[in-house]
Amino acid sequence: MKFLRLVAAVIICELAGIIGSVFTIQNIPGWYAYLNKPSFNPPNYLFGPVWTTLYLLMGIAVFLVWENKNRTGKALIVFFVQLALNACWTLIFFGLKSPGWAFVEIVALWIMIVWCIVEFRGISKTAAYLLIPYLLWVSYASVLTFSIWKLN
């Protein structure tokens, strides 16, 4: 039963990426390909494996909080709000083709990730540490989003 809850937690997180990919896939060869990008923009093939790994880590982290006897509803709410913001970034950037609003949104996402780490740390330090790579990647993505907005 515990294993099924772990799988469910990971699938829920991976679904955020799948939802986002609906908007991404159709715009990579078109609109996105023609944007001016900074020199530190990673190759497109890197995003899929990175995000898949980050969603896996998020799923494990939320599972650890979910399974903890000391878990709080607040921590889970913060987690799911940040997960929704995560999916919304893709909708705004790729779906609406709006790097400026995507930058505003990713700042809110970054704040929610930090808050989530703080909430998780009080329940499971391991869960909090599992979100650090995610925070680092979103920090990088924030700079990248800002740069794309300014270059275009």
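At 24% relative accessibility, Glu-67 counts as partly exposed, a class that lies between buried (under 20% relative accessible area) and exposed (over 50%), judged with a 1.4 Å probe and protein chains only. The model is predicted, so local features need pLDDT of at least 70 and side-chain atom pairs count only at pLDDT 80 or more, while totals for chains, interfaces and linings use all residues. Residues are numbered from 1 along each chain as its sequence is written, and side-chain values use heavy atoms, with hydrogens and water left out.

Glu-67 has a charged partner: Arg-5 forms a salt bridge with Glu-67, with the closest N and O atoms 2.5 Å apart. This pair links distant parts of the chain, Arg-5 in helix H1 and Glu-67 in helix H2, 62 residues apart. A salt bridge here is a side-chain nitrogen of Lys or Arg within 4 Å of a carboxyl oxygen of Asp or Glu; helices are DSSP runs (H or I, at least four residues), numbered from the N terminus. Arg-5 is also partly exposed, at 25% relative accessible area.

Two salt bridges are found in the whole structure. Glu-119 forms one with Lys-74, the closest N and O atoms being 3.4 Å apart. Because Glu-119 lies in helix H4 and Lys-74 in helix H3, the pair ties together parts that are 45 residues apart in sequence. Glu-119 counts as buried at 17% relative accessibility, whereas Lys-74 is partly exposed at 47%.

Glu-14, in helix H1, makes an interesting contrast: this residue is buried yet has no salt bridge, and the nearest side chain of opposite charge, Arg-5, is 18 Å away. (Lys and Arg count as positive, Asp and Glu as negative; His and the chain ends are not counted.) Beyond residues up to four places away in sequence, Glu-14 touches Thr-52, Tyr-55 and Leu-56, where contact means heavy atoms within 4.5 Å.

Helix H2 spans residues 44-67, and the 36 Å between its end C-alpha atoms agrees with the 34 Å that its 24 residues should span at 1.5 Å a residue; the expected span is 1.5 Å times one less than the number of residues. Its buried residues include Val-50, Leu-54, Tyr-55 and Phe-63, and the cover over the buried residues of H2 includes H1, H3, H4, H5 and H6.

In helix H4, Met-112 counts as buried at 11% relative accessibility. Leaving aside neighbours within four places in sequence, Met-112 is in contact with Val-78, Val-81, Gln-82 and Leu-85.

Technical notes. Helices (H or I, at least four residues) and strands (E, at least two) are DSSP runs, numbered from the N terminus.
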